[in-house]
Amino acid sequence: MEARNIISAREMVDQGNWIFTTLNGLPRYEKPPLPTWITAVFGFFFGFENIFWLRIPVVLITLLLVYFFYKIAFQLNLSKQQVVNSSLILITSFYVFFAGRDNNWDMYTHSFMLVSIFFLIKQFQSSKFNPLDFIIAFFFIGCSIMSKGPVSLYALFLPFLLAYFFTYSKKIKRNISVTLLTLIAGCIIGFAWILYVRFFDAEHFLAASKKEISSWQNHNTRPFYYYWSFFTQSGLWTIPALVSLIYPYLKNKVSNKKAYKFTWLWTIFSVVLLSLIPEKKSRYLLPVLIPLALNTGFYIEFLRLEYKNLKSKAEINFTNFVFGLYAIISFSIAVGVFIYTKNHLVDYLIWSIPFALISIYLGIIIIKGLQQKSFDSIFYPSIILMCTFVIFGFPLSKVTFSEELYVPISSIKKLEKQYKIETFETDGFVPEIVLDYGKPIPTLSENGKISLPKTNQFGLLANKSDSVFIVKNLNKYSIKKIGEVNLNHSSKNQKNYNDRIQKDYFLVQLK
């Protein structure tokens, strides 16, 4: 997905396709263009070769999410400590962190929607109408729609409205007109591009719409209950998140019962609405993790205030078990890092030694915190452990890399010059290969229509799955393998080897 998004941004800059967006030279109307525009601006200034600069936009958008999450928590009249802790839970939640690392469009649409939600809450809690809050709210609804269509309206905004209505009904009732106007104005902005493209390129737009609707109904279909392990997507906070969802247990232990009810309902409504859609993917759970982080914050706040005073042995033992696991994880990391890098230890000492030492130190602090019943000495080292894993653990992933089979796209470019040919693919393309190639790779088939080159010879990227296409459509040509592309940084016996990013390169000549 990230490769697809970057290719579209690159074609905006290289070919000027800013309105009628393309992917590998073909219309791409399945996704609105705002995140692509933002990425294209960064690509224009920093180039499209370095993935670091192309990921900066989504990092900034993630910081926007966390900042307005923080502001929303304050609007709910939570203590400053709970607001900070909830924000830390959000940014260290497994999928929130990874969605903020890879430049896909989910983070954009939900971050923009959360900005709008903040200004709506601000308006709901005010006795006077503030035109500026209203303008900002509908503008960011528009930005959200321009990022991924009505996805966030359905998965984040609608659950928010339902939860707010059932919790603070008086506040929302007196602001019904403002809410409707905000929604209408936001939709006018958000759907402007869709309507424009629908009018001026109806054929390709309708084809894209049919494809997208078909995906919702037929691709990655899962049962209704597929998402009901959603709390596991918070990673480190899986067990605290699950406990926070036990409403009868926690409702009488929190200081702000209304706010807890609101975040609980927001989380549940979001999961239920997502479960109604046939197409399901784990990354679609991102909007659920936002209210879930708020909800988990209530359980963490309860422990922060009452951990020393817990009288129930069951509660004490359970809490010690949960956070004792973090200590075990810390010590396991210290041992595991050397087992993991045993064959490359010398090459990775700069990462493995600090990783191991810091993990041991954090494990000791957590154990002392459990002994002294100091919850801060348990919670914050757990946060630091996550940060340590990111800083020192990620570079160690290269231990599994193998350049044994890696063949870059540059080898194909040399063959193009040698044989004076243009390169094609069959009836589909691999985004990673197109991204590495640096420009669109034409396909021989588009929407079932075969269009063969007029030249007597050309290059063709193909693999075993393309054999039927070749036999059926290229029987007038002689075909000879002259090279290959293989973007795998691992050997075939490793789990992360991907056949999809390996293709043979053929010289196709008219008989």
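Which side chain is joined to that of Glu-301 by a polar contact of 2.9 Å? The partner is the side chain of Arg-304; a polar contact is a pair of N or O atoms within 3.5 Å, where, within protein, one must be able to donate a hydrogen and the other to accept it, and residues adjacent in sequence count only if both atoms are side-chain atoms. The model is predicted, with local features needing pLDDT of at least 70 and side-chain atom pairs pLDDT 80 or more, while totals for chains, interfaces and linings use all residues. Residues are numbered from 1 along each chain as its sequence is written, and side-chain values use heavy atoms, leaving out hydrogens and water.

Glu-301 sits in helix 16 (residues 286-306); helices (H or I, at least four residues) and strands (E, at least two) are DSSP runs numbered from the N terminus. Its relative accessibility is 7%, so Glu-301 counts as buried (under 20% relative accessible area, with exposed over 50% and partly exposed in between, for a 1.4 Å probe and protein chains only). Apart from neighbours within four places in sequence, Glu-301 is in contact (heavy atoms within 4.5 Å) with Ser-79, Gln-81, Gln-82 and Asn-85.

Two helix pairs come next. Helix 6 (residues 106-124) packs on helix 8 (residues 151-167) at about 25°, with axes 9 Å apart; axes are lines fitted to C-alpha atoms, for helices over the stretch in contact, and angles run from 0 to 180 degrees between N-to-C directions. The two are therefore roughly parallel, a class for angles under 35 degrees, whereas over 145 is roughly antiparallel, 65 to 115 roughly perpendicular and the rest oblique. The contact includes Met-113 and Ile-117 of helix 6 and Phe-157 and Leu-161 of helix 8. Its residues divide into 13 nonpolar, three polar and no charged (Ala, Val, Leu, Ile, Met, Phe, Trp, Tyr, Cys and Pro are nonpolar, Asp, Glu, Lys and Arg charged, and the others, Gly among them, polar).

Helix 18 (residues 349-372) and helix 19 (residues 376-396) cross at roughly 165°, their axes coming within 9 Å. This pair is therefore roughly antiparallel. The residues of the contact of helix 18 with helix 19 comprise 17 nonpolar, seven polar and no charged.

Asn-498 lies in the loop between strand 7 (477-486) and strand 8 (502-510). With 27% relative accessibility, Asn-498 counts as partly exposed. A polar atom of the Asn-498 side chain is 2.9 Å from the backbone nitrogen of Arg-500. Leu-487, eleven residues away in sequence, is 8.7 Å from Asn-498, C-alpha to C-alpha.
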